[in-house]
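Me: Please take a close look at the open sheet in this model, and at the strands, loops and helices that go with it. I would like one connected account.

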Amino acid sequence: MLTNRVKIAVLVSGGGTNLQALLDAQRAGTLHSGTISLVVSSSPTAYALTRVAEAGVPALTVSRRDSGGQAAFEAQLTAALEEYGIELIILAGFMSILSRDFTDRYPERILNVHPSLIPAFCGKGFYGLRVHASALARGVKVTGATVHFVNEIPDGGRILLQKAVDVLPDDTPETLQRRVMEQAEWILLPQAAELVSANILQKETETT
């Protein structure tokens, strides 16, 4: 059993279903090279904070609006990450865009899950139900989810994992969203967290 684990911060804004998938994977032992050490919410009312309280993981709220602007928001966020010794950041429904100044601090150490097969239905303005509504409007037969590294371009970082999900004839944006979460997002995100955490540990071993 690993005694040294990568410290993970999960950034959230809403219900926290992807956070729950990560917590469940950690509890089940499939996420074992990293440990969720901090949850940061952009909203003080996010249900994700209830989930993390039940799991006993430290949590705090950092709001761009309350911080007084992007630079102050990212400075506050960075300070929290450094205080907890965070080595990997996972965006799990985090609705605040991060600047290049921030993402450059953590090259290939920030993961995001997006509810489509990038490069389809991604980029600025594509989030939540908008992604699934666009897929249905286009008439695609297959959609899915993508876990990618985060850079300054929305959904523009290197792709790590993808999983396809069938679109059914009677789908609505809501039913499609749920199926993509269950069949792709909640599977891929813990897999990616373990993969990257294990890689970080391996690199640390090679340099010591």
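Reply: Isoleucine 89 has isoleucine 110, in strand E5, as its bridge partner. The two strands concerned, E4 (residues 88–91) and E5 (residues 110–114), pair in the parallel sense over 3 bridges; strands count as paired if DSSP finds at least two bridges between them. Helices (H or I, at least four residues) and strands (E, at least two) are DSSP runs, numbered from the N terminus. The model is a predicted one, in which local features need pLDDT of at least 70 and side-chain atom pairs count only at pLDDT 80 or more, while totals for chains, interfaces and linings use all residues. Residues are numbered from 1 along each chain as its sequence is written, and side-chain values use heavy atoms, with hydrogens and water left out.

E4 and E5 belong to an open sheet of 7 strands, ordered E3-E2-E1-E4-E5-E6-E7, with mixed pairing. Strands E3 (59–61) and E7 (159–166) stand at the edges, and each has a single partner strand, so one side of each is left without a neighbour in the sheet. From one strand to the next the twist averages 20°. Helix H2 (residues 48–55) lies across E1 (6–12), E2 (34–41) and E3, and runs at about 155° to E3; axes are lines fitted to C-alpha atoms, for helices over the stretch in contact, and angles run from 0 to 180 degrees between N-to-C directions.

Strand E6 (residues 142–149) contains threonine 143. Threonine 143 counts as buried, at 3% relative accessibility (buried means under 20% relative accessible area, exposed over 50%, partly exposed in between, with a 1.4 Å probe and protein chains only). Leaving aside neighbours within four places in sequence, its contacts (heavy atoms within 4.5 Å) include Pro115, Leu117, Val165, Leu176 and Val180. Valine 167 is 24 residues from threonine 143 in sequence, and the two are 6.6 Å apart in space, C-alpha to C-alpha.

Phenylalanine 121 lies in the loop between E5 and H6; its phi is near 50°, a positive value in a residue other than glycine, and phenylalanine 121 is buried, with a relative accessible area of 12%. Aspartate 155, in the loop between E6 and E7, has a phi near 60°, likewise positive, and is buried at 15%.
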